Amino acid sequence: MRLGVLDIGSNTVHLLVADAHPGGRPLASTSHRSVLRLMRYVTPDGAISEEGVAALVDAVTQARVVAERENVDEFLATATSAVREATNGAEVISQIEAALGQQLQVLGGVSEARFTFLAVRRWFGWSAGQILLFDIGGGSLEIAAGADELPDEAASVPLGAGRMTIAYLPEDPPGEEAVDRLRAHARQTLKPLTKTFAALPRPDHTVGSSKAIRSLAKLVGYPLPGWSGSERMMLPRAALGSWIPRLARIPASARQELPGITADRTFQIVAGAVVLHEAMRAMDVEELEVSPWALREGVLLRYIESMAWG
């Protein structure tokens with residue numbers, strides 16, 4: 001079966017097409033991305049503006065055309081924080097569903113964390129033991145931990161890279177004072193989670209997923225040999241912390257010249273780095289490994305599992 005997963009996030013609308021069969025791993029065949037940075041279109045009252053809705057509908061329509069061209073058998077469409085938290089969310093969802101020609105599944109933050117955790121567990125396997133996961137999107141940060149396929153604890157907080165850029169780092173470059181304000185806000189927001197996750201067993205393996213974390217790992221991390229010719233990427237907290245002041249002094253237009261920083265991440269990479277650094281500090285993590293699989297793969301895997309049991 002050819003499956004398509006459409007992830008309508010706060011930064012991108014991303015379609016992943018993969019061939020799947022019961023008991024097998026999904027084999028990606030096509031990836032289509034539209035960069036929106038929806039947080040730019042959020043009005044002071046929390047609604048997505050008409051311009052933002054039009055851009056969103058256009059991106060969804062493009063993704064649907066690609067899915068039809070790829071002869072997708074089953075189309076799974078999900079939306080995360082930007083859509084679920086918009087004050088005009090019901091209207092936005094209605095327009096998206098009209099463009100899709102089907103129902104949209106709007107994921108809550110905890111559900112998002114659970115799907116992503118499933119993907120990470122499948123990627124690293126049972127031998128990874130107790131996993132602690134960080135996932136940074138445009139609108140929210142998800143944290144999950146556990147030793148099984150479903151996490152023992154999962155949380156979502158509004159510390160996404162796009163959201164924090166608009167709220168705390170609107171100037172380009174932002175400068176140290178703005179970064180310090182964001183750092184203080186992140187610490188305060190993460191504080192209630194620290195006790196919750198500290199009560200769990202110490203993680204055997206800490207993992208980061210999402211494009212922002214992959215970009216930061218390419219900038220400040222280092223590779224290790226993997227299996228079957230693959231490459232693993234490690235991201236140390238100390239190296240990340242040393243890069244934040246430099247990133248904050250570099251204009252966004254120049255950041256894309258740095259290793260791993262793509263054009264669509266230049267504006268929000270500083271906020272992403274600060275939030276990740278604070279999350280690692282709060283959870284007493286010195287280093288994490290980047291997972292190639294995240295939310296979209298988790299949605300695919302759960303669907304394949306239902307096929308297998310059926």
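Predicted model: local features only at pLDDT ≥ 70, side-chain atom pairs only at ≥ 80, totals over all residues.
A residue counts as buried when its relative accessible area is under 20%.

**View 1. Ser215 sits in helix α7, which spans residues 211-220.** Is Ser215 buried or exposed? With a relative accessible area of 1%, Ser215 falls under the 20% cut-off and is therefore buried. Setting aside its neighbours within four places in sequence, you will find Ser215 in contact with Pro259, Gly260, Ile261, Arg265 and Ile269.

**View 2. Seven strands line up as an open sheet with mixed pairing.** Reading across, the order is β8-β7-β6-β9-β12-β11-β10. The edges belong to β8 (153-157) and β10 (222-225), each of which pairs on one side only. On average, neighbouring strands here are turned by 25 degrees against each other, direction ignored.

**View 3. Strands β6 and β7 run antiparallel, and two helices meet their sheet.** Strand β6 (residues 131-136) is joined to strand β7 (residues 141-146) by 6 bridges in the antiparallel sense. To pick out one of the bridge pairs, look for Ile131 and its partner in β7, Gly146. Helix α4 (residues 109-124) lies across β6, β7, β8, β9 (205-209) and β12 (287-290), and runs at about 55 degrees to β7. Helix α7 also packs on the sheet, where it touches β6, β9, β10, β11 (231-236) and β12. The directions of α7 and β11 make an angle of about 85 degrees.

**View 4. Another open sheet has 5 strands and mixed pairing.** Its strand order is β3-β2-β1-β4-β5. Which strands are at the edges? They are β3 (27-35) and β5 (105-106), each pairing on one side only. Further in, strand β1 (residues 2-8) pairs with strand β4 (residues 74-79) in the parallel sense, over 6 bridges. Ile8 has Ala79 of β4 as its bridge partner.

**View 5. Helices α1 and α3 cross in a right-handed way.** The axes of α1 (residues 50-69) and α3 (residues 89-100) come within 9 Å and cross at roughly 25 degrees. Angles under 35 degrees count as roughly parallel, and α1 and α3 are therefore roughly parallel to each other. From α1, the residues that meet α3 are Val53, Leu56, Val57, Val60, Thr61 and Arg64. Their counterparts in α3 are Val92, Gln95, Ile96, Ala98, Ala99 and Leu100. Sorted by class, this contact has 9 nonpolar, 2 polar and 1 charged residues.

Technical notes
Residues numbered from 1 in each chain as written. Heavy atoms only, no water. Axes fitted to C-alpha atoms, helices over the stretch in contact; angles between N-to-C directions. Helix = DSSP H or I, 4+ residues; strand = E, 2+ residues; numbered from the N terminus. Parallel < 35°, antiparallel > 145°, perpendicular 65-115°, else oblique. Left-handed = near helix turned anticlockwise from the far one by under 90°. Contact = heavy atoms within 4.5 Å. Nonpolar A, V, L, I, M, F, W, Y, C, P; charged D, E, K, R; others polar. Pairing = 2+ DSSP bridges. Buried < 20%, exposed > 50% of the residue type's maximum accessible area, 1.4 Å probe, protein only.
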